[in-house]
Amino acid sequence: GTTAALIPAAGSGSRLGRGPKAFVEVRGQSLLARSVAALRPLVDEVVVALPEGMELPPGLDARAIVGGATRQDSVARLLRATSAEYVLIHDAARPFLPENVVLDLLEAVHESGAATLALPVADTLVRAEAGGNWGDLTPREGLWAVQTPQAFRRELILKAHAQAVTGGFAATDDAGLVARLLKAVGNGRVRLVPGDARLFKVTTPGDLALAEALAAVWDG
Ligand code: C5P
């Protein structure tokens, strides 16, 4: 079946404070350009959701649409902009995509219809108490940190988004919506596919420093 890569890139990047985050450059290449270049050879088309009034920078082999007020809304618009059988949804804020884990993800979605990259949590986890003090320890055993890309049969993720709109609930990620739908129908699972530390999300100025250092190695 055909596969479309969908990239929500319509966020304002307020935590980073450098304008729309997808357009922030790391060693001369924007976060968005890095994601498009990595995904384009692996899929049939790439569609990007951009902030209103912004255009796709020249040289990117992708189609652009206008995003929505929330990430979920931007993804819903992207889903309506393609007719591919499978969609791979990827945040522009994660610019370093090792090809092998993306191929693992595509294999998993072809088998099971829903899959996401994720990493077992390595750090000790604690819930903070008021005032910034140590509260309850959360056993990290069995906990995974969820990354993107995530991949689904398009029909399945469309249903999950429709259910979220009807039910009035939000999720910060699409696998969460699909898992909720699958639970409701009592059939099917979202596969967890081991991701890669280099797929970290650029969110804060500290992350940007990390991205600069990694890019020096990544770009050769
Ligand atoms: O803000 P955060 O890093 O969680 O955003 C995750 C991704 O969702 C980013 O790539 C951002 O551009 C995108 N986004 C979007 N539309 C919005 C808000 C965020 O496409 N309204």
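## Crossing of helices 2 and 4

In this predicted model, helix 2 passes helix 4 in a left-handed crossing, a term used if the near helix is turned anticlockwise from the far one by less than a right angle. Helices here are DSSP runs of H or I with at least four residues, strands are runs of E with at least two, and both are numbered from the N terminus. Helix 2 (residues 71-80) and helix 4 (residues 154-167) pack at an angle of about 140°, with their axes 11 Å apart; axes are lines fitted to C-alpha atoms, for helices over the stretch in contact, and angles run from 0 to 180 degrees between N-to-C directions.

Gln72, Ala76 and Leu79 in helix 2 meet Arg154, Ile157, Leu158, His161 and Ala164 in helix 4, contact requiring C-beta atoms, placed from the backbone, within 7 Å.

Strand 1 (residues 3-8) and strand 6 (residues 86-89) run parallel and are joined by 4 bridges, and alanine 5 has leucine 88 in strand 6 as its bridge partner.

## Basis of the description

Residues are numbered from 1 along each chain as its sequence is written. Because the model is predicted, local features need pLDDT of at least 70 and side-chain atom pairs count only at pLDDT 80 or more, whereas totals for chains, interfaces and linings use all residues.

Notes:
Contact = placed C-beta atoms within 7 Å. Pairing = 2+ DSSP bridges.
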